[in-house]
Structure formats: structure tokens, C-alpha cells
Amino acid sequence: MLEETSLLVLFLILFGLLFVSAFFSSSETALMSLNRYRLKHLEQEGHRGALIAGQLLSRPDRLIGLILLGNNFVNILASAIATVIGIKLLGENGIVVATFALTLIILLFAEVTPKTLAALHPERVAFPASFLLKPLLFILYPLVWFTNSITNRMVRLFGVSPEDAATTAINVEELRVALIEAGSMIPKRHKDMLMSILDLEKVTVNDVMVPRNEIEGLDINAPFPDIIKQLSHCGYTRLPVYEDTMDNIVGILHLRKALHLLTQDNLTPETLRAIIKNAYFVPEGTPLNTQLINFQRNRRRTGLVVDEYGDLLGLITLEDIFREIVGEFTADTIDEDKEIHPQEDGSYLINGTATIRDINRSNNWELPTDGPKTINGLVLEHLESIPDPGVSIRWGDYVIEVVQTADNAIKTLRIRRIEAELEEDA
């Protein structure tokens, strides 16, 4: 029958088969290149093309079986027609010519080009193609089912189940990479917040707590006029309450309740004790993401960090965790608690109590954070003694100079980054 068909008709049929082959090739690449998370989002919005594509991708074995079945059938038929054309034009030598020519044409126009376009613009190709592939799957389902029943049994020999087609859940590191590669699609401020949330599991309460020596507490055994004076001038919302020393914690006092009683002239030692809430203790080393959930579960905003012996180490608040996510809340807070002071010569005067994490975050530095939490602790651990003012140490790209000491700690240091100076000189 083909031998009796005119060359014009044969060329038209061959062209149509190549077009269909390109359709199957591009559809396969486009559907497999779809971003599964964006696809789920479009499905939730009711996008028809996404809904059909999602249905097809729910059983990739059937989809691939359909595409390869159609693609191979078309390519084999195109090969037969090309052979007939070659014989009509060149005789028996036309078989070899037609084989090489058709291989090149299929490779360029039915494989590489359509697959490249589909990989670059998968949604533009996949969604329209889905409207054709779904009814085609319905029509050819018996044949697809027959081929898949054989291939699925072969696949199970490798321990793979075709029914298990769900996309593997994204892990934390993959989500972090996705955020980094999002570029301008997500505002930098939002991206920083999301990255901070992911990093909460790497930060513990010890990294952000107020150390014990900086906690402002209320001695319940102090003279009552002194207590009233402290309450009237306190700048905090909640105060730890203790008896004589911080080792004897009584509880947590909400200042608003105390001031309410004070304005009504009802504040007495008895009423003060009545409004003190039991202390909430937090084990040291608790990750911030766990502590955030614990605060919510226990309906608390303030916790006292203790070590394995029950000794008080510091104080952690819900605001401290939020600050790790969104940064400082107000400019006033930053100005009042500023511990890092840039100098004109490019160095920084830093309080010894400043945490290394805050220093790194403020100056985009890389001082080690796997040891001591404060810059004072880092220097003392390195020197193994209390240094005199003027002592300097080299730590990687940083020169740390002791400026002022007080009693058993370093009060002020000067830190200069050598790498930054070299870049400026260059």
C-alpha cells in the first residue's frame, strides 16, 4: 500500500509523525521537570492543567508507558515510511540513506530540540499536553495496562513499588537551599526570617539567655520600701523573685500586677507574695525550636535556665527567641543595649559580655561559636588566665586586643579584622 502512495503524501505523513514524536518527547520531559511543590500550589488554586498533570503524575509508570508506547510506535512507523521514500528515490541504496537521514532528523527535531524547550519551559508544555494525554491514556489503557503489568513485575525485582510514587518530603537542608535559590522572588527580610526559623534547632537557650550575673531580680526579704522603689523604677515586665540570693528562687513576678496593687494602695508583703507565680525552669542545652513549643505548651513567657545540678545559669524569655527570628524589635533597644562600637580606624570596641553570635551577626564575621558563648569567655579560654590590658591575640583573620579588665573578667576588647584591612589597601 505504501509503495503505491505518492511521494508528496508520504512526505506529509512523515512530517506529521515527526511532529507527533516531538509532542511525546517534549511532554515526557516537561511533565517530569515540573516543580512538584508549585504544581501542588496550582492544584490548590484550581488550575485545570495542573489538576490533570497532577493526576497523570500520580502514576508515573502509566504515564511513561503511554508516552513511550506512542513515541516508539510513531518512530517505527516513520522509519518504515522513510524507507519507502528512500527506495522510491534512490533504489536499494535509499534504505541506508533513509536510515541515517531519519536518525539525524529525529534526533534534532523530535528529541533534542523539543526536550530542550520543554525543560526550559515545563509548564507551558506540560499543561496543554496533559489535555491530550489524559484522553489518550483512557483510549489506550488496555495496552498500557498490559505493558505496565510486565514492566512493574520487573521493577519489583529491584525492590521498587510503582504505587509508591509520592514525592519524598523535603528536608531542612533542601528547604534552606530552596530559600537561597529563590532570589528576588522572596523579599530579603522574609528570607532572613525563614532562614532564622530553620536555624533555631541549631541554637540553644544557652546561646541567647541573659547570664546569671546580668539578671535583675527582686529580693523578697529586702526592706519593703526598697522593694517598692525597685518596682517603681524597673524597666522589665517580669522579674525573678528570690530570697536573699539567686540560689533560692521563689518565682516570677509580673510587674503589671504589682503596680496595679501599688496604685490602689493594696501592695503589702502578703499581697506581693500572693501574685508571685511559680518559676518555670528550662534545662540547659534545650534547642530554641523546642523551647518555643514548650513556652506555648506551658503558657509561659519566661524561663530560668538551670544546669544538671539545678544551679541557675541564666534567664530566657519568649522575646529572646523572637529576636533570633526577626532581629531587634525597636531602635531604642538597640541603642540602649549596644555592646559593639565601630571605630574610625575600622576596628570595633566590644564589651566582654557581648555574645559571639551577636558579634558575628552584626559584623558578618566568623568567630567560633562552638565553645564559649561570650567574647570574654573565648579570650579567657585561649589564654587560660586573666590578661592585662594591652595583651593581643591573633585568631584567624582577627586581632583581639584587651583594652580593659575588671576583677575576674575582661570588660572591653578591641577587635580588628586583618582581611578587611588588606582589601582596603588593595
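**Exercise 1.** Does Arg357 count as buried, partly exposed or exposed, and what is its relative accessibility?

Solution. The model is predicted: local features need pLDDT of at least 70, side-chain atom pairs count only at pLDDT 80 or more, and totals for chains, interfaces and linings use all residues. Residues are numbered from 1 along each chain as its sequence is written, and side-chain values use heavy atoms, with hydrogens and water left out.

Step 1. Recall the classes: buried means under 20% relative accessible area, exposed means over 50%, and partly exposed lies in between (1.4 Å probe, protein chains only).

Step 2. Arg357 has a relative accessibility of 21%, so this residue counts as partly exposed.

**Exercise 2.** Identify the salt bridge between Arg357 and Glu324 and locate both residues.

Solution. Step 1. A salt bridge requires a side-chain nitrogen of Lys or Arg within 4 Å of a carboxyl oxygen of Asp or Glu. In general, side chains of opposite charge can pair when their charged atoms come close.

Step 1. For Arg357 and Glu324, the N to O distance is 2.9 Å. The pair links distant parts of the chain, 33 residues apart: Arg357 belongs to helix H17 (residues 356-363) and Glu324 to helix H15 (residues 318-326). Helices (H or I, at least four residues) and strands (E, at least two) are DSSP runs numbered from the N terminus.

Step 2. Glu324 counts as buried because its relative accessibility is 9%.

**Exercise 3.** How many salt bridges does the structure hold, and which parts does the pair Arg38 and Glu123 tie together?

Solution. Step 1. The structure holds ten salt bridges.

Step 1. One of them joins Arg38 to Glu123, with the closest N and O atoms 2.4 Å apart. Arg38 lies in helix H2 (residues 36-44) and Glu123 in helix H6 (residues 122-139), so the pair ties together parts that are 85 residues apart in sequence.

Step 2. Arg38 is partly exposed at 40% relative accessibility, and Glu123 is partly exposed at 25%.

**Exercise 4.** Describe the salt bridge of Asp345 and Arg416.

Solution. Step 1. The side chains of Asp345 and Arg416 meet at 3.5 Å, N to O. This pair links distant parts of the chain, 71 residues apart: Asp345 sits in the loop between strand S9 (340-342) and strand S10 (348-351), and Arg416 in strand S13 (residues 409-417).

Step 1. Asp345 counts as partly exposed at 45% relative accessibility, and Arg416 counts as partly exposed at 24%.
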